[in-house]
Amino acid sequence: MRRVLPPGTNVRSTIPIGGILAGIVAASIVWSAWSPQDWMTWWMEMPWVLVGLPLTIVVSSRHQITRLLLVLLTVHALVLVIGAHYTYELVPLGEWVQQLTGSARNNYDRLGHVMQGFVPAILARELLRRMTPLEPGRGLALLCIASAVAFSACFELIEWGASISLGHGADSYLGSQGDRWDAQWDMLCALAGATASMILLSSAHERAIVALRRSIN
């Protein structure tokens, strides 16, 4: 029997986009675990995805998350999964760009750190808009950018700890490729990504939050 939707129902709202995106990430994890370049690097890179996926599913089942944030989290997960499979200095896309531009290094890890600022800034914005009385504006944007950069700095400390504990065994995980200023470049990329996300997506994200509040109420 054909299902009849109530009058005024938005057909797009019936599409389980969260389930679709979770399936995409789960499939990418399976692909990534199929004969990765270096197993130690894979296990060091993947906790963010392996923990983040079930955590997102649990949180979204209790508190709705905007579609925009779900899509961004999925894209970020795919960037991490690809980097974990190949190691960041051997990702084919980065090698292709390296040959095209004549760069001395594979810059796929720079993309990863741009995303490390771009996506957490929107995540911070969603948390702050839904859990605090903060209103849209420059102050909110600055706080979101600062949160993303602080997260990036914490990640660099984790990498520093790995380099001390594992020595050369952590080289593939660090992805510095001989650049002594790699940590500073990584944080600069995160700052650029966070700033770009606030400039490009703040308005769209605010509309998504308002729409979500209306659907909940």
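Reader: Which helix gives the most residues to the lining of the largest pocket, and how many does it supply?

Author: The model discussed here is predicted. Six helices each supply at least two residues of the lining of the largest pocket: α1 (17-32), α3 (47-62), α4 (67-86), α6 (108-131), α7 (138-166) and α8 (171-174). The greatest contributor to the lining is α6, with twelve residues.

Reader: How much space lies in the largest pocket, and which residues are closest to its centre?

Author: The space in the largest pocket comes to about 1200 Å³. It is lined by 47 residues, and those closest to the centre are Trp48, Gly52, Thr56, Leu73 and Leu123.

Reader: How do the residues of that lining divide into nonpolar, polar and charged?

Author: The lining of the largest pocket comprises 47 residues. Their division is 28 nonpolar, 13 polar and six charged.

Reader: How many helices and how many strands does the protein have?

Author: Along the sequence, the pattern reads α-α-α-α-α-α-α-α-α. The count is accordingly nine helices and zero strands.

Reader: What percentage of contacts between residues at least 6 apart in sequence join residues at least 24 apart?

Author: The protein has 217 residues, of which 37% are buried. Among contacts between residues at least 6 apart in sequence, the share joining residues at least 24 apart is 74%.

Reader: Which residues touch the most other members of the largest nonpolar core?

Author: The largest nonpolar core holds 35 residues, and those touching the most other members are Ile29, Met46, Val49 and Met198. The elements giving two or more residues to this core are α1, α3, α4, α6, α7 and α9 (182-216). For Ile29, contacts beyond four places in sequence are with Trp42, Met46, Val49, Leu50, Leu53 and Val81.

Reader: Is Asn106 buried or exposed, and which backbone oxygens does its side chain reach?

Author: Asn106 lies in the loop between α5 (92-101) and α6. Its relative accessibility is 1%, under the 20% limit, so Asn106 counts as buried. The C-alpha atoms of Asn106 and Trp96, ten residues apart along the chain, are separated by 8.7 Å. The side chain of Asn106 has a polar atom 3.2 Å from the backbone oxygen of Glu89, and at 3.1 Å the side chain reaches the backbone oxygen of Val91.

Reader: Why does Ser35 count as exposed?

Author: Ser35 is located in the loop between α1 and α2 (39-45). Its phi is near 55°, a positive value in a residue other than glycine. Ser35 counts as exposed because exposure requires over 50% relative accessible area, and its value is 58%.

Reader: Where is Thr87, and is Thr87 buried or exposed?

Author: Phi of Thr87 is near 70°, a positive value in a residue other than glycine. Thr87 sits in the loop between α4 and α5. With a relative accessibility of 2%, against a limit of under 20%, Thr87 counts as buried.

Terms used
Residues numbered from 1 in each chain as written. Predicted model: local features only at pLDDT ≥ 70, side-chain atom pairs only at ≥ 80, totals over all residues. Heavy atoms only, no water. 1 Å grid on protein atoms, 1.4 Å probe; cavity = no way out; pocket = protein on both sides within 12 Å on 5 of 7 lines; lining within 4 Å. Points joined across faces, edges and corners; volume = space filled by probe spheres on them. Helix = DSSP H or I, 4+ residues; strand = E, 2+ residues; numbered from the N terminus. Nonpolar A, V, L, I, M, F, W, Y, C, P; charged D, E, K, R; others polar. Buried < 20%, exposed > 50% of the residue type's maximum accessible area, 1.4 Å probe, protein only. Polar contact = N/O pair within 3.5 Å; in protein donor to acceptor, adjacent residues only side chain to side chain. Core = buried A, V, L, I, M, F, W, Y, C linked by side-chain atoms within 4.5 Å. Contact = heavy atoms within 4.5 Å.
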